[in-house]
Amino acid sequence: MKTNELIDFLATGAGPAPRWVEARRLLPMMALGVVASAAGALAIFGPIPAEIFATPAPWIKFAYAGGLAAAAAWLAARLGRPVPRTRAPLRALLLVLMAMGLLALGALLVTPAGERPAFVLGHSWSRCPVNVLALSLPALAGALWALRGLAPTRPRAAGLAAGLLAGALGALGYSLACTELSPAFVAVWYSLGIALAGILGAALGPWALRW
Amino acid sequence: MTTQRSPMDDFEAKLQSLWGRAQAGDEAAYREALSCLAERLRSFLRRRMQSLPDELEDLVQETLLAIHLQRGTYDPTVPVSRWALAIARYKLIDLWRRRGRREALHEPFDDLAERDQPAVREEPMAQRDLTTLLAELPKAQQHAIALIKLEGLSIAEASQRTGISASALKVQVHRGIKRLAELVRRTG
């Protein structure tokens, strides 16, 4: 086939370029991901008692996971473009991490020295990261699928962003089932679970994001 | 004193304005922008594919298909040719990967500047045939593509003639081209 014929073929009736393609691909998958992780958390681990919602703990988790999800989604959307500009979303991601870190540090400092290990480890530190990772898997599949339909030219970085996004959505769902109260616990173990999902995404990226 | 404008700057400025109109839906501008880009892609890929000269035009066409399918991901703060060449580079790496990385090890032997490369006289042509590829698409996609892309009907006209809704037709055309791009990639 002649290249001019192909150009004619492509241009005929092409209409305007589609708009908001990143949002249109990512947002439905994020919605599915968060529903899957919430449903999974409630079905497998059971909901937290209603009284806990009177404490700041679940709200801190929602805010942290939600903030990370938003920043990671922004980053993933940018990495879905052939010449990605990542500075602003990376800054947002860093800002959320720093805010959580400072909150955890502040809470730790006002805790008596003898109670600090328990404050960080809680009663479920060894299960939390694995649970977050497990709950993030549907969202990871969805996010990778969404990115594959865009044009990521840096598949490992795009996979990492998809993984962080999925991890944050997994953490959001897990917040409904996690009875830990300490911000330091969230800063360490939630973040570890989200990071594991990010590593998994980065490992899968070059394989899953071919287009 | 005026600053000297190179031919490259003029090319970019022209392409940028064509592309802006094309993105807004100007078909003639889109056709011309794709022609400019094809030339740019050809010279970019030619010097990187000296070991695979027969496949140069195939990859130019694969890249054009990807550009068309992904034009929604164009970021207006990035020069069009930079965006297009990023896609071409990705497609080139993808080709190397499919070839088992052998070619990736070959540095271009005589790294001539793009303008020193021998000009190709005949009309650039790939090894595949559009009609043959189209025949492999599902019937509904073939039908929509035949009406809109080959007969040149508007979406509204095609919708009226077939009784299929405009949005369904658009989806069929888009899916068809996507499928076509996959076929092109697989046979490459």
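1. From the N terminus on, chain A runs α-α-α-α-α-α-α-α, with eight helices and zero strands, where helices (H or I, at least four residues) and strands (E, at least two) are DSSP runs numbered from the N terminus. This is a predicted model, in which local features need pLDDT of at least 70 and side-chain atom pairs count only at pLDDT 80 or more, whereas totals for chains, interfaces and linings use all residues. Residues are numbered from 1 along each chain as its sequence is written, and chains are lettered from A and ligands numbered from 1 in the order in which they are written.

2. Taken along the principal axes, the C-alpha atoms of chain A fill a box of roughly 75 × 35 × 30 Å. Of the contacts in chain A with a separation of 6 or more, 87% join residues 24 or more positions apart, a contact being two residues whose C-beta atoms, placed from the backbone, lie within 7 Å.

3. For chain B, the domain assignment, which is automatic or from a database, gives domain 1 (10-118) and domain 2 (128-188). Nine residues of domain 1 of chain B are in contact with eight residues of domain 2 of chain B, and helix H3 (residues 56-69) of chain B gives the most to the domain 1 side, with seven residues.

4. Between the chains, 39 residues of chain B are in contact with 29 residues of chain A. On the chain B side, the elements giving two or more residues are helix H2 (27-46), H3, helix H4 (80-98) and helix H6 (139-150) of chain B.
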